[in-house]
Amino acid sequence: MSDFHELIKNFSKTREYVRDFFVYGFKSRNEFKDKSPRTYDNERRRLESWLGPYVQKDYASNGSNISLAIDSSLLDTNPLFRVWKTKSFTDNDIVLHFLILDLLRDGKALTVEAITDSLLRQYGTLFDIQTVRRKCNAYEKEGLLQKEKSGKTVVYSLDHTLTLWLRSNGSVLDALDFFQMAAPLGIIADELSEQLDHRNRTFRVKHSFFVHTLEDEILLALLSAMNQKSEVQLKMKGSKSKAVSTVLCVPLQIFVSTRSGRRFLCGYLERNRRFTCFRLDTVKQVLPTKTAAEYDILLEKLDRNRGLIWGVSFQNNGRRHTDTLTMTIQAANPEENYIVDRLKREGRGGAVTQTAPGVYTYETRVFDCNEMLPWLRTFTGRILSLTCSDPFVERLFYQDLQTMYQLYQINGGGPGSRA
Amino acid sequence: MELFSEIYSCYYQVLRHLLNSPQGITIQEIHRRICSEGFAESMLAIIPKLENGTWNVFSREGELYLTRLTPPFTMPLSHLQKSYLKALLSDPRIRLFLDQKQLTVLSDMLAPVVPLWLPEQFYYYDQFSDGDPYEDEAYHRHFRILLQAQKRRQYVDIDYNGPRGNRVRHHYVPARLEYSVKNNRFRLIALKKIGHGKMKPEILNISRIQHVRPLEKKLSSSVDLNVLIRHSYYREPLTLHILDRRNALERAMLHFANYEKNTTKINENTYECRIYYNQTMETELLIEVLSFGPMLTVMGNDRFLGLLRARLRKQRDLLSLQ
């Protein structure tokens with residue numbers, strides 16, 4: 001273990017490990033078949049180091065398991081943000097970071113030569129001019145320093161106006177507390193709060209799915225391509241098959257499920273001439289290629305299709321363009337009006353009509369009714385009838401119900417009989 | 001704009017805090033701070049660099065490490081951070097926090113910055129359509145009173161319209177403001193006195209609050225909210241067996257990610273998941289379990305099994321009548 005380092009250079013490998021531990025939370029050493037035991041041990045040690053308070057150890061017959069006990073409803077922050085704070089660096093990086101920013105704190109503009117000279121005079125540290133220039137240019141690119149040219153002279157300075165304003169406005173810190181948990185790329189709000197020596201103790205987020213922060217680098221690259229209206233090449237890895245493939249598409253919108261936190265890129269595939277959604281956790285790399293000439297037209301087209309998408313699927317099992325689904329439910333008036341309210345607020349634009357006292361019909365037309373099944377099942381106990389123009393969906397719905405009757409032996413016996 | 005960059009790293013933050021001690025700091029105190037702010041093994045990496053002067057940012061005076069910087073050390077905002085703030089300005093919920101004057105000042109400071117995203121670039125396809133009224137003045141007022149009271153641990157007098165139309169009025173201490181992404185709604189987790197000095201957490205929808213008034217009284221004792229929440233769980237968790245077909249395992253693990261839970265593998269294709277919950281979570285959890293159909297099997301507790309079986313029995317009866 002002598003070559004063990006707590007910090008890492010590359011995020012992508014670790015992203016998969018954390019995801020496996022977090023999402024599944026029960027894999028033992030023997031179950032990580034595609035990695036060497038040494039790699040497993042190092043990754044596990046890192047995870048325990050970064051996320052110590054949340055790591056849980058269990059002993060099972062197939063070996064010891066570690067898992068992450070991260071229950072979003074009980075936490076004021078996303079512990080997985082810590083994984084973003086593990087980038088390795090050189091000794092020069094960290095020393096120059098503090099010394100250059102301290103040297104320029106009062107807003108004065110200095111040349112690289114003057115900065116190098118002052119580092120020696122004021123702080124007693126000797127750096128060569130090239131190293132200092134590289135760091136200043138890198139910080140200018142990151143936005144930490146301003147670079148100005150006056151004739152042949154290049155000077156660097158920094159501006160604390162915004163930082164000081166944020167620090168003196170407590171309500172901005174409250175907003176950062178909230179958005180770190182509730183908005184995309186919450187890691188940025190978390191780091192900003194940390195930089196301003198503030199910590200959330202006010203907000204919690206229900207239905208917050210912490211693991212998805214691991215896809216934020218991919219999300220950032222996609223947003224950047226979308227802002228530039230650029231086509232992208234995606235390097236994908238199947239979640240189950242692990243097969244690697246590449247896809248060319250025009251990235252148009254990020255679809256988000258509030259029930260699982262899963263995020264998808266909705267893109268247009270020129271080759272197949274259709275829209276498709278890709279789960280962000282299967283995207284490994286995003287490379288912008290060229291400007292998408294018809295970007296705005298494609299966005300409009302997507303908008304027109306939106307009313308027909310239930311989730312993320314643009315096609316069904318058959319050759320039909322769309323399918324129609326009708327569900328009739330029982331809900332006594334007025335005491336069960338909340339059921340009718342559920343149909344309206346969760347039904348994504350489907351029509352809700354009262355067809356008899358205490359009887360309501362919900363009807364919708366979408367590309368893929370198969371995606372509706374989990375939602376339809378939530379009305380179990382109230383469904384009078386369900387019909388769908390896709391016979392597969394209708395059959396599967398009733399078949400699953402029969403399986404559940406058998407599973408819980410509604411007519412007696414079985415796992416449900418104790419109740 | 002790099003998201004995974006050393007400038008945001010844990011070590012940089014730890015060192016910044018150490019360097020912000022104007023009076024100097026002992027090695028024992030450095031140890032203590034690295035332990036509390038760094039990762040578990042950070043000390044092994046940081047201490048030698050400080051002791052041997054590789055990170056030449058301290059001078060030594062006897063036992064003390066004296067900062068070479070002029071505290072407080074402040075890091076300016078990066079392009080990424082400015083771009084993020086600019087994106088927040090387009091979110092309707094920002095008005096819950098910032099008044100018009102603050103919004104104007106911040107917008108002016110960020111005028112040349114390109115926002116990281118625009119609201120229309122995200123589509124929350126299964127979010128409920130009846131979210132909170134973020135533009136409503138009364139809602140803003142209530143939200144801000146509750147936010148301030150929460151931070152000051154101050155009691156508030158709340159007049160509330162219950163879900164069944166019943167009007168209730170009580171004194172509460174706001175413990176947390178909870179946002180539900182699915183409902184696009186804020187709830188107040190409020191503590192209510194239940195006698196003998198004990199407190200009980202209750203959940204109130206902020207949009208149902210008719211009137212809220214801050215009181216002088218503050219909560220004097222310390223209350224651990226999570227202990228109260230855990231105390232409210234049923235003694236027996238919900239035990240599920242998940243058959244790993246149709247990707248059910250991964251879906252279930254994600255779906256139930258926000259519950260306190262424990263998962264173990266019991267054979268080649270089956271996993272056992274124990275979920276801890278209380279009465280207020282029960283109906284939502286039942287609906288979530290039903291949504292998986294036969295991919296999940298509820299093994300216990302008896303109470304949950306009873307609720308599930310009652311729904312199935314009712315369903316069978318309704319269909320047999322058709």
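Student: Which domains does the domain assignment give for chain B?
Tutor: Please keep in mind that this is a predicted model. For chain B, the assignment lists domain 1 (6-67), domain 2 (79-121), domain 3 (137-230) and domain 4 (238-321). The C-alpha centres of domain 1 and domain 4 of chain B are 49 Å apart.

Student: What makes F97(B) count as buried?
Tutor: The cut-off for buried is 20 or more other C-beta atoms within 10 Å. F97(B) has 24 C-beta neighbours inside 10 Å, so it counts as buried. You will find F97(B) in the loop between α4 (79-88) and α5 (100-109) of chain B.

Student: Which residues is F97(B) in contact with, leaving aside its neighbours within four places in sequence?
Tutor: Those are S171(A), D174(A) and A175(A). A contact requires C-beta atoms within 7 Å. For a distance along chain B, take Y271(B): it is 174 residues from F97(B) in the chain, and their C-alpha atoms are 44 Å apart.

Student: How many residues does each chain bring to the contact between A and B?
Tutor: Chain A supplies 114 residues and chain B supplies 104 residues. On the chain A side, helix α3 (residues 91-103) gives the largest share, with eight residues. That side of chain A divides into 54 nonpolar, 33 polar and 27 charged residues.

Student: What makes helix α1 (residues 10-19) of chain B mostly covered?
Tutor: Eight of the 10 residues of α1(B) are buried. Among them are Y11(B), V14(B), L15(B) and L18(B), and R16(B) is buried as well. The buried residues of α1(B) pack against α3 of chain A, and also against β1 (25-26), α2 (27-37), α3 (42-51) and β3 (64-67) of chain B.

Student: Why is strand β3 (residues 146-150) of chain A said to lie largely in the open?
Tutor: The number of buried residues among its five is zero, so β3(A) lies largely in the open. β3(A) pairs with strand β4 (residues 153-157) of chain A in the antiparallel sense, over five bridges. Within that pair, K147(A) stands opposite Y156(A). The two strands form a hairpin with two residues between them, and G151(A) in the turn has a positive phi of about 65 degrees.

Student: Why are β11 (260-267) and β13 of chain B placed at the edges of their sheet?
Tutor: The open sheet has four strands in the order β11-β12-β10-β13 (chain B), with antiparallel pairing. β11(B) and β13(B) each have a single partner strand, so one side of each is left without a neighbour in the sheet. The twist averages 25 degrees from one strand to the next.

Student: Which partners does strand β10 (residues 238-243) of chain B have?
Tutor: β10(B) pairs with strand β12 (residues 270-276) of chain B over six antiparallel bridges, and with strand β13 (residues 296-300) of chain B over four, also antiparallel. T239(B) stands opposite R274(B) in β12(B), while H241(B) stands opposite T297(B) in β13(B).

Student: Which residues of β10(B) form its covered face and which its uncovered one?
Tutor: L238(B), L240(B) and I242(B) form the covered face, and T239(B), H241(B) and L243(B) the uncovered one.

Student: Which residues touch the most other members of the largest nonpolar core?
Tutor: That core has 182 residues, and F98(A), A175(A), L222(A), L265(A), Y84(B) and L146(B) touch the most other members. Leaving aside neighbours within four places in sequence, L222(A) is in contact with P251(A), I254(A), L265(A) and V286(A). In soluble globular proteins, nonpolar side chains tend to be buried together.

Definitions and conventions:
Residues numbered from 1 in each chain as written. Chains lettered and ligands numbered in written order. Predicted model: local features only at pLDDT ≥ 70, side-chain atom pairs only at ≥ 80, totals over all residues. Core = buried A, V, L, I, M, F, W, Y, C linked by C-beta atoms within 7 Å. Buried ≥ 20, exposed ≤ 12 C-beta atoms within 10 Å, placed from the backbone. Contact = placed C-beta atoms within 7 Å. Domains from an automatic or database assignment. Pairing = 2+ DSSP bridges. Nonpolar A, V, L, I, M, F, W, Y, C, P; charged D, E, K, R; others polar. Axes fitted to C-alpha atoms, helices over the stretch in contact; angles between N-to-C directions.
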